Amino acid sequence: MMAPRFLPVVMAPPPPIEWKRTALAPGGAILVAGDRSIRRFSSTGARTQELALGSEPQCVAAGSAGAVYVGLRDRVQVFDAKGARAAEWQSLGPRAHLTALAVGPDAVYLADAGQRVVQRCDLAGKVCALLAQPDAAHERSGLIVPSPYL
(Lines give C-alpha, C1' and ligand atoms only; values in the text may rest on other atoms or scores of the structure.)
Protein backbone atom coordinates (compact mmCIF):
# COMPACT_ATOMS: atom_id res chain seq x y z
CA MET A 1 0.00 0.00 0.00
CA MET A 2 1.34 3.39 -1.02
CA ALA A 3 1.43 6.36 1.34
CA PRO A 4 -0.85 9.25 0.40
CA ARG A 5 0.78 12.00 -1.67
CA PHE A 6 -0.59 14.79 0.48
CA LEU A 7 -0.35 15.77 4.08
CA PRO A 8 -3.34 16.77 6.15
CA VAL A 9 -3.66 20.52 6.62
CA VAL A 10 -3.88 21.78 10.16
CA MET A 11 -5.41 25.22 10.45
CA ALA A 12 -3.66 27.49 12.90
CA PRO A 13 -5.92 29.48 15.18
CA PRO A 14 -6.22 33.18 14.36
CA PRO A 15 -3.92 35.49 16.30
CA PRO A 16 -5.42 36.70 19.56
CA ILE A 17 -7.19 40.03 19.66
CA GLU A 18 -5.56 42.69 21.81
CA TRP A 19 -8.70 44.00 23.48
CA LYS A 20 -8.74 47.58 24.68
CA ARG A 21 -12.40 48.03 25.62
CA THR A 22 -15.80 46.41 25.26
CA ALA A 23 -19.33 47.79 25.12
CA LEU A 24 -22.82 46.34 25.07
CA ALA A 25 -24.93 47.36 22.06
CA PRO A 26 -28.72 47.31 21.69
CA GLY A 27 -30.05 43.81 21.10
CA GLY A 28 -27.33 42.19 23.20
CA ALA A 29 -24.47 42.53 20.71
CA ILE A 30 -20.97 43.03 22.13
CA LEU A 31 -18.52 45.53 20.67
CA VAL A 32 -14.80 44.82 21.12
CA ALA A 33 -12.22 47.56 20.46
CA GLY A 34 -8.62 46.63 19.66
CA ASP A 35 -6.12 45.81 16.92
CA ARG A 36 -7.12 48.89 14.87
CA SER A 37 -10.68 47.64 14.57
CA ILE A 38 -14.06 47.30 16.21
CA ARG A 39 -15.58 43.84 16.12
CA ARG A 40 -19.26 43.21 16.75
CA PHE A 41 -20.26 39.84 18.18
CA SER A 42 -23.78 38.50 18.54
CA SER A 43 -25.07 37.49 21.96
CA THR A 44 -24.09 33.91 21.04
CA GLY A 45 -20.48 34.91 20.32
CA ALA A 46 -20.52 34.84 16.51
CA ARG A 47 -18.60 37.69 14.86
CA THR A 48 -21.08 39.65 12.76
CA GLN A 49 -19.16 42.77 11.75
CA GLU A 50 -15.68 44.27 11.70
CA LEU A 51 -14.93 47.97 11.29
CA ALA A 52 -11.36 48.70 10.17
CA LEU A 53 -9.77 51.80 11.68
CA GLY A 54 -6.73 53.84 10.71
CA SER A 55 -5.44 53.96 14.28
CA GLU A 56 -5.82 52.15 17.57
CA PRO A 57 -9.20 52.61 19.29
CA GLN A 58 -9.08 53.71 22.92
CA CYS A 59 -12.77 53.21 23.74
CA VAL A 60 -16.12 52.32 22.19
CA ALA A 61 -19.82 52.89 22.92
CA ALA A 62 -23.10 52.07 21.22
CA GLY A 63 -25.78 54.59 20.46
CA SER A 64 -29.36 54.25 19.41
CA ALA A 65 -30.27 52.70 16.08
CA GLY A 66 -27.02 50.73 15.99
CA ALA A 67 -24.61 53.67 15.76
CA VAL A 68 -21.09 52.93 17.03
CA TYR A 69 -18.96 55.67 18.61
CA VAL A 70 -15.23 54.99 18.59
CA GLY A 71 -12.85 57.04 20.70
CA LEU A 72 -9.43 57.41 19.17
CA ARG A 73 -6.74 59.20 21.14
CA ASP A 74 -7.94 62.74 20.36
CA ARG A 75 -11.22 62.42 18.44
CA VAL A 76 -14.35 60.36 17.89
CA GLN A 77 -15.43 58.48 14.78
CA VAL A 78 -19.09 57.54 14.35
CA PHE A 79 -20.24 54.55 12.29
CA ASP A 80 -23.81 53.74 11.27
CA ALA A 81 -25.45 50.37 11.86
CA LYS A 82 -24.18 49.04 8.51
CA GLY A 83 -20.57 49.91 9.36
CA ALA A 84 -20.18 52.98 7.16
CA ARG A 85 -18.35 55.91 8.70
CA ALA A 86 -20.99 58.57 9.34
CA ALA A 87 -18.79 61.25 10.93
CA GLU A 88 -15.37 62.09 12.29
CA TRP A 89 -15.34 64.77 14.95
CA GLN A 90 -12.68 67.45 15.26
CA SER A 91 -9.54 66.77 17.26
CA LEU A 92 -9.84 67.71 20.93
CA GLY A 93 -6.24 68.92 20.93
CA PRO A 94 -2.73 67.52 21.35
CA ARG A 95 -3.17 66.78 25.09
CA ALA A 96 -6.40 64.81 24.61
CA HIS A 97 -6.41 61.15 25.60
CA LEU A 98 -9.89 59.65 25.41
CA THR A 99 -10.38 56.65 27.68
CA ALA A 100 -14.16 56.13 27.83
CA LEU A 101 -17.39 57.13 26.06
CA ALA A 102 -21.00 57.12 27.21
CA VAL A 103 -23.86 57.81 24.81
CA GLY A 104 -27.14 59.29 25.99
CA PRO A 105 -30.27 60.24 24.06
CA ASP A 106 -28.98 63.74 23.25
CA ALA A 107 -25.33 63.81 24.34
CA VAL A 108 -22.07 61.90 24.25
CA TYR A 109 -19.76 62.06 27.27
CA LEU A 110 -16.03 61.76 26.65
CA ALA A 111 -13.62 60.89 29.47
CA ASP A 112 -10.46 62.79 28.55
CA ALA A 113 -7.60 61.71 30.82
CA GLY A 114 -5.07 63.88 28.98
CA GLN A 115 -6.93 67.12 29.69
CA ARG A 116 -8.39 65.77 32.96
CA VAL A 117 -12.01 66.60 32.13
CA VAL A 118 -15.21 64.96 31.02
CA GLN A 119 -16.52 66.60 27.88
CA ARG A 120 -20.23 66.67 27.09
CA CYS A 121 -20.85 66.85 23.35
CA ASP A 122 -24.02 66.95 21.29
CA LEU A 123 -24.61 64.06 18.89
CA ALA A 124 -22.89 66.01 16.10
CA GLY A 125 -19.66 66.32 18.10
CA LYS A 126 -19.89 69.93 19.28
CA VAL A 127 -18.43 70.32 22.79
CA CYS A 128 -21.22 71.76 24.95
CA ALA A 129 -19.63 71.62 28.41
CA LEU A 130 -16.48 70.64 30.25
CA LEU A 131 -17.25 68.84 33.48
CA ALA A 132 -14.88 68.84 36.48
CA GLN A 133 -12.44 71.26 34.90
CA PRO A 134 -9.92 73.09 37.09
CA ASP A 135 -11.14 76.42 38.49
CA ALA A 136 -8.57 78.38 40.51
CA ALA A 137 -11.09 81.11 41.38
CA HIS A 138 -13.19 78.56 43.29
CA GLU A 139 -10.17 76.52 44.51
CA ARG A 140 -11.13 73.45 42.50
CA SER A 141 -8.26 71.42 41.12
CA GLY A 142 -10.39 69.46 38.69
CA LEU A 143 -9.93 65.74 38.24
CA ILE A 144 -6.76 64.15 39.53
CA VAL A 145 -5.81 61.56 36.95
CA PRO A 146 -2.40 59.95 37.61
CA SER A 147 -2.75 57.51 34.70
CA PRO A 148 -4.62 57.38 31.39
CA TYR A 149 -7.56 55.46 32.86
CA LEU A 150 -10.22 58.02 33.66
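Biologist: Hi! How many salt bridges does the structure hold?
Modeller: The structure holds 5 salt bridges. A salt bridge here is a side-chain nitrogen of Lys or Arg within 4 Å of a carboxyl oxygen of Asp or Glu. This is a predicted model, where local features need pLDDT of at least 70 and side-chain atom pairs count only at pLDDT 80 or more, while totals for chains, interfaces and linings use all residues. Residues are numbered from 1 along each chain as its sequence is written, and side-chain values use heavy atoms, with hydrogens and water left out.

Biologist: Nice, let's pick one. Which residue forms a salt bridge with arginine 39?
Modeller: That partner is glutamate 50, and the closest N and O atoms are 3.4 Å apart. The pair links distant parts of the chain: arginine 39 lies in strand S3 and glutamate 50 in strand S4, 11 residues apart. Strands (E, at least two residues) and helices (H or I, at least four) are DSSP runs, numbered from the N terminus.

Biologist: And is arginine 39 buried or exposed?
Modeller: Arginine 39 is buried, with a relative accessible area of 11%. Glutamate 50 is partly exposed at 41%. The cut-offs are under 20% relative accessible area for buried, over 50% for exposed, and partly exposed in between, using a 1.4 Å probe and protein chains only.

Biologist: What does arginine 47 meet in a salt bridge?
Modeller: The side chain of arginine 47 meets that of glutamate 50, at 3.0 Å from N to O.

Biologist: Okay, moving along the chain. What about arginine 75 and its salt bridge with aspartate 74?
Modeller: In that pair the closest N and O atoms are 2.8 Å apart. Salt bridges that share partners join Asp74, Arg75, Arg85 and Glu88 into one network. Arginine 75 is partly exposed, with a relative accessible area of 23%, whereas aspartate 74 counts as buried at 18%.

Biologist: New topic: sheets! In what order do strands S1 to S4 sit?
Modeller: Those 4 strands form an open sheet in the order S1-S2-S3-S4, with antiparallel pairing. Two strands pair if DSSP finds at least two bridges between them.

Biologist: Which ones are the edge strands there?
Modeller: They are strand S1 (19–24) and strand S4 (47–52), and each pairs on one side only. Neighbouring strands of this sheet are turned by 20° against each other on average, direction ignored. For such angles, axes are lines fitted to C-alpha atoms (for helices, over the stretch in contact), and angles run from 0 to 180 degrees between N-to-C directions.

Biologist: How many bridges are there between S2 and S3?
Modeller: Strand S2 (residues 30–34) and strand S3 (residues 37–41) pair in the antiparallel sense over 5 bridges. If you look at isoleucine 30, you'll find phenylalanine 41 of S3 standing opposite.

Biologist: And what's the strand order in the sheet with S9?
Modeller: That open sheet of 4 strands runs S9-S10-S11-S12, with antiparallel pairing. Strand S9 (98–103) and strand S12 (127–131) are the edge strands, each pairing on one side only. The twist averages 20° from one strand to the next.

Biologist: What joins S10 to S11?
Modeller: 5 bridges join strand S10 (residues 108–112) to strand S11 (residues 117–121), and the two run antiparallel. Leucine 110 stands opposite glutamine 119 in S11.

Biologist: Last one: how many disulfides are there?
Modeller: The count comes to 0 disulfides, where a disulfide is a pair of cysteine sulfur atoms within 2.5 Å. For cysteine 121, the nearest cysteine sulfur is that of cysteine 128, 6.7 Å away.

Biologist: Is cysteine 121 buried or exposed?
Modeller: Cysteine 121 counts as buried, at 1% relative accessibility. Cysteine 59 counts as buried too, at 2%.
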